[in-house]
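Thanks for making time this morning.

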Amino acid sequence: MANQRLTTGALLRYIRGSTTEKAILQVVGIKSIESKTDDPSNASKRYRLMLSDGKSTFSSCMLGTQMNKLIETESLKENSIVRIDRVMVNSIDKQNGRVMLMLYELEVLQSDSERIGDPVALPLTDIINNNGASTNRLETTNNNQAPTAAPTPAPAPTPAAAPPATNVIRQGSKALPTLDDRKKPNGDNRFGGKGGNSIDKERIINIDTLNPYMNKWTIKARVSNKGAIRTYENARGPGKLFSCDLVDQSGEIRATAFNAECDKFHSMLEIGEVYYIAKASLKAANRQFNTTNNDYEMTFNHDTIIEACDAGEGENIPQVQFNFIPISEIANRSANSTCDVIGVVKSTSDMQTIVSKASQKEFQKREILLVDEKASISVTLWGQQAEEFDGSSNQVLAFKGIKIGDFNGRTLSCMNSTLIRQDPTETPRTVELRVWFDNEGKSIDLPDLSKGADVGSRQTPIKTLSQIISEGLGLGDKPDYISVKAMTTLIKKDTAVYMMCPEERCGKKVVDENNGSYRCEKCNKTYSNFKWAYMVSAEISDPTGSQWITVFRNEAEALLGVTADEFGTHKLNQSESIIEDIVRKAMNHERIFKLRAKAEQYNDERRIRFTCMSVSDIDWPSHGRRLIDEIKQMEPTQN
């Protein structure tokens, strides 16, 4: 579907009172706002939109709550094209540009679209210039004209180098103006001096209302995390930086300082302390490096002012903002994304030293098994965190901004920016988990996501093997998960099991030294025993084709009907007839295979690797109903 033509100039006409026009606009930003009421049961979510008419943007647009379902069902999202059917202007202080567009009715014309034009924030001088005949002429002439014919008001005379002031954000009943600072002297505020350069503590706003279209603001926030100074080098030469996370009652934001500001602010800011902060820059968050729950990030510059709060001023500001998800939910999150998670340390591995293949540098690591009421997962600690960690007391650990890995399941790995809190007091989950683990959790064997457990339970489409190839599944940046109804036609029995390291969290193959000992190169240790583990190569077939897949651990046990230890013992005893019988029983039965498809580079050749995430018998009644539904969808509609 071709992109709609936007109604140029409509935003300014709306702000100036001409609200009968049914303009076509583009949604270029969506921000959710939790309504704050005395009665939490009456609290409702609100959505604030940034709209574009192709030329200008305006960010103070509040969506009526009756249309929340458009966003929650993803009918209305960023870059959607909408027609505004009913809008009102909430004028707080139009003289200073404090207005809000209240969107009571709109229709989504195009849910998915490309960004149209190169719009800029509507200048504040245009918003408040609403006097004289020119404004009246603008509103009357545009009611019956094509949108593109609207004349553009002449900008107020300003110095050529002066930046335009922008519109304002307003949350609920509290207006947050962005005033025009161009007439004020640009003094040196770098050291947070008093007098004319001191922080305006009467203009404190919440972190969740910050956006790049605001000119003047102050926040009062706590430093919840601060990274070490890091160096970098680019085309402009070497540099250094550090980042910190700031929190208040409303949310959090990442702030970064470079070079001179890095030297000045790194020693000034202390974790856990509360500060007034003003005159920093704001921009869209770079998700490659920023894991905080905010659309924007902050940069400290030469104008930035930071002042420490007096003792007791920040008592109502939390130490950190967590957004925990259950461990079981990690199975449904994409690899390389980040999350906040909390659990109890059930076991801890010894320190390990690994060598990077790329840099040949040595790294220290330690793995822990983190559990909650429904699942467990492997977490990797690095460097100093790994060296100092002692998991002997089964403490509750909370991780903020930890990275999700994807290898035969799901794992977690700490980064430089990951915040770790031991037995955090600011969340009731700490006590809940402590009581659960002491009473029953320590004796329960939970599904381990690091071994693929529960990943296969996610809803996956059922495809034929030929559809997988024709649709190019597995060729994207992220893996695809598919279900196939097929039967096993070949199994490589000679390589079905291997001798695995006996360490709980290792899983690597050991080398038989033929003297009663077995060496693990990963752990750099020699053991007197080993474990048998499955790594089955099997060919599955359906009426459209065949495909080789790899089946590990629990899934291989479900396929073959015996444990890896039993299979390995038969192999060690050279019981070929028993192995043949096991393999024969596993073949020529139709099953549902849930597969993970992901392209990998092997010997300079790109090929798709299919890993089995679960094997299950076919629920024939359910399968029959699915086929009937598919047949009905293929039938032509009768007039």
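This is a predicted model: local features need pLDDT of at least 70, side-chain atom pairs count only at pLDDT 80 or more; totals for chains, interfaces and linings use all residues.

Is Arg609 buried, partly exposed or exposed? Arg609 is partly exposed, with a relative accessible area of 26%, where buried means under 20%, exposed means over 50% and partly exposed lies in between, computed with a 1.4 Å probe on protein chains only.

Residues are numbered from 1 along each chain as its sequence is written, and side-chain values use heavy atoms, with hydrogens and water left out.

Arg609 forms a salt bridge with Glu600 at 3.9 Å, N to O, the term meaning a side-chain nitrogen of Lys or Arg within 4 Å of a carboxyl oxygen of Asp or Glu. Glu600 is itself partly exposed, at 32%.

Searching the whole structure gives 28 salt bridges, including the pair Asp406 and Arg410 at 2.7 Å, N to O, where Arg410 is buried at 2% relative accessibility. Another pairs Glu471 with Lys463 at 3.0 Å, N to O, and Glu471 is partly exposed at 38%.

Turning to the helix, α5 covers residues 259-266, and its buried residues are Glu261, Cys262, Lys264, Phe265 and His266; helices here are DSSP runs of H or I with at least four residues, strands are runs of E with at least two, and both are numbered from the N terminus. Those buried residues pack against β9, β11, β12, β15 and β16, with contact meaning heavy atoms within 4.5 Å.
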